[in-house]
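Please keep the sequence and the structure at hand as you read.

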Amino acid sequence: MKSIGIFYGSNTGTTADVAKRIGKALGVADGDIHDVEKTAPSVVGAYDLLVLGTSTWGNGDLQDDWEDFVAGLSAMSLPGKQIALFGCGDETMSDTFCSGVGELYDKIKGTGAEFIGKFDTIGYNFEHSDAVGDDGVAIGLLLDEVNHPDLTDPRIAAWAATLK
């Protein structure tokens with residue numbers, strides 16, 4: 001069985017709450033769920049699967065707490081590890097919905113880790129996201145707790161099943 005570490009950055013508590021819900025769906029102990037503001041990047045070495053989550057701020061920016069953590073993470077060589085991304089956003093920010101997830105991906109794609117956990121965006125209505133490819137599939141789980149909280153738990157369950 002893979003050892004799983006969940007790492008998140010959260011301003012309002014929404015992404016922290018979602019990280020805990022994902023942890024429950026994956027059977028991850030609370031001690032393996034980490035706030036990146038209070039965690040050294042070296043902690044990722046203990047895990048086979050890194051589940052990384054961010055909210056999106058401003059003009060599609062990565063959540064602020066990720067700045068130092070992602071700088072350390074992006075400098076690492078992570079072959080043999082898997083990374084799954086998730087993010088919280090608001091689809092009414094139609095041209096930047098969950099783009100922080102795309103920014104996080106761009107910063108760490110050179111680490112040699114394998115990215116898993118792509119997910120569809122069916123049920124949302126937005127113009128653009130840096131986290132979504134031309135095929136309409138997101139590079140990770142995108143959630144909107146503002147406009148579609150009813151979709152969160154079913155999406156988490158479906159996504160978590162693909163990661164196990």
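Predicted model: local features only at pLDDT ≥ 70, side-chain atom pairs only at ≥ 80, totals over all residues.

Residues are numbered from 1 along each chain as its sequence is written, and side-chain values use heavy atoms, with hydrogens and water left out.

Buried means under 20% relative accessible area, exposed over 50%, and partly exposed in between (1.4 Å probe, protein chains only). Because 5 of its 5 residues are buried, strand 1 is largely enclosed by the rest of the structure. Ile 4, Ile 6 and Tyr 8 point one way, while Gly 5 and Phe 7 point the other way.

Two strands pair if DSSP finds at least two bridges between them. Strand 1 runs parallel to strand 3 (residues 49–57), joined by 5 bridges, and Phe 7 has Leu 52 as its bridge partner there. Strand 1 also pairs in the parallel sense with strand 2 (residues 33–35) over 3 bridges, where the partner of Phe 7 is His 34.

**Aromatic pairs**

Rings of Phe, Tyr and Trp (its six-membered ring) pair if their centres lie within 6.5 Å; planes under 30 degrees apart count as stacked, over 60 as edge-to-face and the rest as tilted. The whole structure holds 7 aromatic pairs, and the table shows two of them.

| Pair | Centre to centre | Angle between planes | Type |
|---|---|---|---|
| Trp 66 and Phe 69 | 5.4 Å | 85° | edge-to-face |
| Tyr 105 and Phe 115 | 4.8 Å | 75° | edge-to-face |

The second pair links distant parts of the chain, with Tyr 105 in helix 3 (residues 99–108) and Phe 115 in strand 6 (residues 114–116), 10 residues apart. Tyr 105 is partly exposed, with a relative accessible area of 25%, and Phe 115 is also partly exposed at 25%.

Trp 66 and Phe 69, by contrast, are both buried. These two residues lie 3 residues apart in helix 2 (residues 66–74), so about one helical turn separates them.

Terms used. Helix = DSSP H or I, 4+ residues; strand = E, 2+ residues; numbered from the N terminus.
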